Amino acid sequence: MVLPRLFDSTTIIARTNANKLTVAVTALIASSIVLYFATPRRRKGKQIPGPRGYPLIGSIVELIKFARESKTYLFIEKLEDEYGSIAYTTVLGQPLIFTKDAALIHRSLTDTVDFYRNAEFEAATFGIIENALFSIPSGEKWKRHRKYLQPGFAPAQLRLAAKISSEETDMLLEYWDNQIILQNLGEGIVVDVFQEFTCLTLDIIRPSFFFSNSGRIAFSNEFNAVKKYHQGESDEERNILQDIVSVLDQRLSTHPFVWGLIGVGKGSAKIKKQREYLNRLFDEITLAKSNRKSSGTYDLIDRLMDVDAKDTQRFTNEEIFGEVMGFFLAGHETTSNTLTFTAMEISRNHQVQIKLKKEIRLVLEQLGTVTTENISEF
């Protein structure tokens, strides 16, 4: 029996070669990706010390472990303890540099030639608060936002912020003192200073920079974050803001193509929940401000909403939203982290603590109350 000849030898050889070529191209692409992520970038001069982590993924495993619990500061502290005032690591091929060197920080904030913002952070905030000043890349848009935001930090606003900060801090310190007495602990009590300071800054931000002409805006749900935390109550506002910080940490430490896989993509349930809450808060703020009576006293939001017919470069609604929500997020996160690190370093250095107490008592005896005008005396 003669079987039909389905393929001649030429066809078989051609298909075999095509398969080999496909495998070779696939292998080449895969190898290129591996080399791109696994090979450290060449840099001129000295190398910054720090852990390079695992091939391909870098230090992502360790970083996410801290980020999920909103304790990225402990990851930074660990790097500082092991590598000094400046440390370098990678996460999925992305470089991360941490430093507490005052001169380098000042230079990075003031030098617009060697230091600039790229679009990476703006991409990480996409779908949440991409129009906040701190997320906008260097350029004309950033300059325009800074120009119109700067008057919002005029002396009148800063004086109010200082007053409210002093009042809220005194109440927190009084609570701690009372707890020491009630629990008969003598020397002191154990507190989670990061959570305490996070709540404190939230209670300060809203009344300091979002107020009506007759005083504070009457929000349907006041923060009272410190009170809720001490009473063990759930605080949606604080939880949402901390969740956003956690999402930004995860986005910055991973490539965009995996955001959806780890639940931080734009369409994820977590992001939708965050954006819905921020929209409600923003609507409440803008409604309260739009119903205000003109008195010549402007807060930060008044300045953003003010439309000058001669100036076509004022903020759009999306830009106003970004700046308002960005103010809440950046204001509470940076301040609470700074206070946490400050308290931690002071507690570790007893002699510095004694010196600070002595200086504060001396200045207060001379000046009485701390204000924006005399704070430079400290």
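**Close-up views of a predicted model**

**View 1. Asn317, out in the open.** Asn317 is exposed, with a relative accessible area of 63% (exposed means over 50%, buried under 20%, and partly exposed in between, using a 1.4 Å probe and protein chains only). You'll find Asn317 in helix H13 (helices are DSSP runs of H or I with at least four residues, strands are E runs with at least two, and both are numbered from the N terminus). Leu304 sits 13 residues away along the chain, and the two C-alpha atoms are 9.4 Å apart. A word on the ground rules: this is a predicted model, where local features need pLDDT of at least 70 and side-chain atom pairs count only at pLDDT 80 or more, while totals for chains, interfaces and linings use all residues. Residues are numbered from 1 along each chain as its sequence is written, and side-chain values use heavy atoms, leaving out hydrogens and water.

**View 2. The whole chain and its confidence.** The protein chain has 14 helices and 4 strands, and 35% of its 378 residues count as buried. Its mean pLDDT is 76, with 77% of the residues at 70 or more (pLDDT is the predictor's confidence in each residue, from 0 to 100). Confidence is lowest in helix H1 (residues 9-38), where the mean is 46, and highest in helix H9 (residues 225-230), at 89. Over residues 31-42 the pLDDT is below 50, and this stretch has 9 contacts beyond near neighbours in sequence (a contact means heavy atoms within 4.5 Å). Residues 212-221 also stay under 50, and for them the model has 26 contacts beyond four places in sequence. Where pLDDT is low, the predicted coordinates should not be read in detail.

**View 3. Phe328, tucked away.** Is Phe328 buried or exposed? At 1% relative accessibility, Phe328 counts as buried. Like Asn317, Phe328 lies in helix H13. Ile205 is 123 residues away from Phe328 along the chain, yet their C-alpha atoms are separated by 7.0 Å.

**View 4. The largest nonpolar core.** There are 40 residues in this core, and Leu278, Val324 and Met325 touch the most other members (a nonpolar core is a set of buried Ala, Val, Leu, Ile, Met, Phe, Trp, Tyr and Cys residues joined through side-chain atoms within 4.5 Å). Elements giving two or more residues to the core include helix H7 (155-182), helix H11 (269-290) and helix H13 (317-348). H13 gives the most, with 7 residues. Which residues does Met325 touch, not counting those up to four places away in sequence? They are Ile129, Leu278, Leu281, Phe282 and Ile285. A second, separate core has 11 residues, among them Ile60, Ile64, Leu79 and Phe98.

View 5. Strands E1 (residues 86-91) and E2 run antiparallel and are joined by 6 bridges (strands pair if DSSP finds at least two bridges between them). In E1, 5 of the 6 residues are buried, so E1 is largely enclosed by the rest of the structure. In a regular strand the side chains alternate between the two faces of the sheet. E2 (residues 94-99) has Gln94, Leu96 and Phe98 on its covered face, with Pro95, Ile97 and Thr99 on the uncovered one.

**View 6. Two helix pairs.** Helix H2 (residues 60-67) and helix H3 (residues 72-83) pack at about 135°, with their axes 7 Å apart (axes are lines fitted to C-alpha atoms, for helices over the stretch in contact, and angles run from 0 to 180 degrees between N-to-C directions). H2 and H3 are therefore oblique to each other (under 35 degrees is roughly parallel, over 145 roughly antiparallel, 65 to 115 roughly perpendicular, and the rest oblique). Here Glu62, Leu63, Phe66 and Ala67 of H2 meet Thr72, Leu74, Phe75 and Lys78 of H3. In the other pair, H13 and helix H14 (residues 350-367) pack at about 110°, with axes 5 Å apart. That makes H13 roughly perpendicular to H14. Ile346, Ser347 and Arg348 of H13 make the contact with His350, Gln353 and Leu356 of H14.
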